[in-house]
Amino acid sequence: MVERRTPIQIGEAVKKVMEYKLEGSTEFVSINDSYGRFLSDDLKATSDVPHFDRAPYDGYAVRSEDTRGAAQTSPVKFEVIDHIGAGMVSDKTIGPFQAVRIMTGAQMPEGSDAVVMLELTKEAEEADGKFMFVKRVHQKGENISFRGEDAKEGEVLVKKGTFINPGIQAMLATFGYATVPVARKPIVGLYATGTELLEVGDPLEPGKIRNSNSYMISAQVQRAGAEVRYFGQLPDDFETCYEAVRAAIGGVDIFITTGGVSVGDFDYLPQIYEKLGAEVLFNKVAVRPGSVTTVAQLHGKLLFGLSGNPSACYVGFELFARPIIRTMLCSDKPHLRKERARLEADFPKANPFTRFVRSALTIQDGKLIVTPSGLDKSNIIMSLAGANSLMILPGGTRGFERGMKVEVLMLEDQTGSDWPW
Ligand SMILES: Nc1nc2c(c(=O)[nH]1)N[C@H]1C(S)=C(S)[C@@H](COP(=O)(O)OP(=O)(O)OC[C@H]3O[C@@H](n4cnc5c(N)ncnc54)[C@H](O)[C@@H]3O)O[C@H]1N2
Ligand code: MOO
Ligand SMILES: [Mg+2]
């Protein structure tokens, strides 16, 4: 008799999975390799930035009080006592009506408290030295980039779990992080199951299809920030699959299979979980696609039995496996970011289950708009290419009309959300 499965709600299913989340751990990588990784520690300022007052312009460092009275008609004359570029430090102290010719980035000389831009001065070479004239009053502190104006020593600038973007790379370098504490990438083991599967390089044969899930999931795993250990594809043969899965689990943090989780005669994952002694957390979720997504735990390690149907497989990964990966990457917002957008197309399909529709989310006139990125069936591959989001269409409705506000989960965003529902 065919097994009857009781679907659970998506929020409950995600919660069950998250009970087995694991803490992230740290590894140190060279700053050359830290772009695109996730910080495993708060990024703190190790010094003030800049750590000395400096000139933001090419010009002259002066005492502002000496410019008092300077005007177009009555320029004030300064003696130029030194000349410094960025990286140089003057050993002179500026006295009354003295100036140091200074370039952008150079440290302000002792005694100076303003910079006059080069364009606002006039130079004069005289027998007894170099001079320049200022025709405008300058205030104390004018044109100075002050110590600590960018960052103060000890400040927490970026939180643990943040994706390292080019700006954070600049910060890391500024603060002397030659090696960077990043979250170790979880290792995600992957097997594709299915006797029908051909390798990518194989010619098509009757009844067979090329295995696309492995390549799709591998990319999703990497997009989530983890590392894939791809073990290959398996035929629908119980013993072969059982042995392969049993042998693979030990060496990975998270284990994913695609296919073989439904109620078909050759869907062996349920029996494999049973023989392994794994506890099945759920094997039916009230979502479309991905209703057959099955998650089990073995000694605390999560085994994701994703559907063989490509779109169901894709959605199952994003809803259940991604947040676990992000948790291991030290994120406190491991779920997909949720926003509201205007639906740009009618979606008449009614369904008792909540739908996650592969969608294209764009901005038009400053507003988010969303439209399905192709056919909405779980066996469909082509709608995945244009999908940068999943539109959430709650179950139990009669369908949706253009112009309605809907919620969308953003697939390519690094901010995340602490809880999606
Ligand atoms: N009697 C029922 N039949 C089905 C049910 C059900 O509730 N009762 N659920 C349907 C739903 S919904 C889905 S989704 C699929 C899930 O099937 P499985 O997860 O068991 O996956 P398979 O049967 O192995 O394959 C399904 C489909 O996907 C193709 N596939 C598999 N692997 C790959 C791959 N690596 N690359 C590309 N395509 C792949 C496979 O050839 C099948 O066409 O079950 C429904 N049936
Ligand atoms: O629910 Mo299946 O897992 O739609 O496509
Ligand atoms: Mg099946």
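Helix α1 (residues 10-18) packs on helix α6 (residues 310-328) at an angle of about 30 degrees, and their axes are 10 Å apart. Axes are lines fitted to C-alpha atoms, for helices over the stretch in contact, and angles run from 0 to 180 degrees between N-to-C directions. Helices (H or I, at least four residues) and strands (E, at least two) are DSSP runs, numbered from the N terminus. The model is predicted: local features need pLDDT of at least 70, side-chain atom pairs count only at pLDDT 80 or more, and totals for chains, interfaces and linings use all residues. Residues are numbered from 1 along each chain as its sequence is written, while chains are lettered from A and ligands numbered from 1 in the order in which they are written.

α1 and α6 are therefore roughly parallel to each other. Angles under 35 degrees count as roughly parallel, over 145 as roughly antiparallel, 65 to 115 as roughly perpendicular and the rest as oblique. The crossing of α1 past α6 is right-handed. A crossing is left-handed if the near helix is turned anticlockwise from the far one by less than a right angle, and right-handed if clockwise. From α1, I10, V14, V17 and M18 meet L319, F320, P323 and I324 of α6. Residues are in contact if their C-beta atoms, placed from the backbone, lie within 7 Å. By class, this contact of α1 with α6 has 8 nonpolar, no polar and no charged residues. Ala, Val, Leu, Ile, Met, Phe, Trp, Tyr, Cys and Pro count as nonpolar, Asp, Glu, Lys and Arg as charged, and the others, Gly among them, as polar.

α6 also packs against α3, at an angle of about 25 degrees and with the axes 10 Å apart. That makes α3 roughly parallel to α6. Their crossing is right-handed. α3 contributes N213, M216, I217, Q220 and A224 to the contact, and α6 contributes P310, C313, Y314, F317, E318, R322, I325 and R326. The contact of α3 with α6 has 8 nonpolar, 2 polar and 3 charged residues.

Helix α4 (residues 238-249) and helix α5 (residues 269-276) form another pair. Their axes come within 10 Å and cross at roughly 55 degrees. That makes α4 oblique to α5. The crossing of α4 and α5 is right-handed. F238, C241, Y242, V245 and R246 of α4 make the contact with Q271, I272, K275 and L276 of α5. By class, 6 nonpolar, 1 polar and 2 charged residues take part in the contact of α4 with α5.

An unreviewed UniProt entry lists residues 189-327 as "domain: MoaB/Mog". UniProt positions are given in the numbering used here, feature names are shortened, and annotations may be inferred rather than shown by experiment. The span 189-327 is 36% helix and 28% strand, and its end C-alpha atoms lie 17 Å apart.

Ligand 1 is surrounded by 27 residues, of which the closest are N213, G259, S262, S307 and G308. α3 (213-224) and α6 are the elements that give two or more residues to this shell. The shell around ligand 1 has 9 nonpolar, 16 polar and 2 charged residues. A residue is near a molecule if its C-beta atom, placed from the backbone, lies within 6 Å of it. Around ligand 2 are R288, P289, G290, S291, V292, S307, N309, A312 and S378. This shell around ligand 2 divides into 3 nonpolar, 5 polar and 1 charged.

Most residues other than glycine have a negative phi, and most peptide bonds are trans. R288 and P289 are joined by a cis peptide bond, with omega about -10 degrees. P289 is in the loop between β17 (287-288) and β18 (294-298). A cis peptide bond also joins V49 and P50, with omega about -10 degrees. P50 is in the loop between β2 (43-44) and β3 (59-62). N143, a residue other than glycine, has a positive phi near 60 degrees. N143 lies in the loop between β8 (129-134) and β9 (156-158).

Notes:
Two residues are in contact if their C-beta atoms, placed from the backbone, lie within 7 Å.
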